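Reader: I would like to learn how to read a helix, a strand and a core from a model. Can we go through them in turn?

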Amino acid sequence: MNEFEPGRDERRDEQLDAALRSAFAPPPAAVFAAQARTVSAARVRRPAWPWLLAAAALLVTAWFAIDRARRQPVAQQLGALWVAAYEHALTSGFDGGSCCEPTFDLAKACQDQFAAKLGVHADAVKLLGCYCGLPTGGCMALLARAGTSPVGIYVVAAGHDPHPQLPPGSALHLARREMGALVLYALSESAAADALAGFFVPSN
């Protein structure tokens with residue numbers, strides 16, 4: 001029997017082609033539209049707070065970086081002013097030269113300038129007076145002796161502490177102590193922390 005029949009192969013191909021088109025036909029446009037609406041609604045319902053939190057974290061990080069860069073030159077400049085004032089006091093007669101005002105009331109001066117109390121134990125630190133020579137960046141500058149060591153004491157408000165830095169290569173020592181509403185710095189040729197131990201905040 002002759003299996004060849006004119007047109008039979010063409011009809012078979014057409015049937016196969018139609019079956020394939022039917023099997024792999026894309027869904028109607030309405031199905032795509034419904035899926036798009038579902039995805040859009042899911043995105044709208046997604047909470048926005050993770051993105052807001054990330055943006056806030058980036059802003060805070062940027063602010064701290066800018067603030068640190070802004071304060072660093074101030075800290076370096078203030079440290080240089082304090083070193084210059086200390087060295088000026090040494091060359092001018094530390095214990096009673098022209099740059100020292102001996103008639104100085106520490107408690108009254110701190111109350112007037114900072115609205116805060118501060119006292120000093122005379123047996124621990126000998127307060128010589130207020131430094132009145134070169135600029136010291138608006139802080140209260142005092143001259144004192146801890147034992148035989150000349151010490152420059154710098155008093156600033158705790159809320160405006162610039163965290164000064166000594167100039168690179170400086171042989172001086174800078175110590176810091178927080179005392180309530182005030183922050184005290186001691187600058188000396190030797191370890192200066194002992195000088196700050198003699199100060200106290202009066203209880204009344």
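This is a predicted model: local features need pLDDT of at least 70, side-chain atom pairs count only at pLDDT 80 or more; totals for chains, interfaces and linings use all residues.

Reader: Which residues of helix α4 are buried?

Author: An α-helix has 3.6 residues a turn, so residues three or four places apart point the same way. Helices (H or I, at least four residues) and strands (E, at least two) are DSSP runs, numbered from the N terminus. Buried means under 20% relative accessible area, exposed over 50%, and partly exposed in between (1.4 Å probe, protein chains only). In α4, residues 106-114, the buried ones are L106, A109, C110 and F114. They lie on the same side of α4 because they cover an arc of only 95° around the axis, the arc being that of the directions from the helix axis to the C-beta atoms.

Reader: How many residues of β7 are buried?

Author: Seven of its seven residues are buried. L182, L184, A186 and S188 are on one side, with V183, Y185 and L187 on the other.

Reader: Which strands are joined to β7 by bridges?

Author: Two strands pair if DSSP finds at least two bridges between them. Seven bridges join β5 to β7, and these strands run antiparallel; Y154 has Y185 as its bridge partner in β7. Strand β6 (residues 173-179) is also antiparallel to β7, with seven bridges, and R177 is partnered by L184.

Reader: Which residues of the largest nonpolar core touch the most other members?

Author: In soluble globular proteins, nonpolar side chains tend to be buried together. A nonpolar core is a set of buried Ala, Val, Leu, Ile, Met, Phe, Trp, Tyr and Cys residues joined through side-chain atoms within 4.5 Å. The largest here has 22 residues, of which L118, M140, I153, V155, L182, L184 and F199 touch the most other members. Helix α4 gives the most to this core, with four residues.

Methods. Residues are numbered from 1 along each chain as its sequence is written. Side-chain values use heavy atoms; hydrogens and water are left out.
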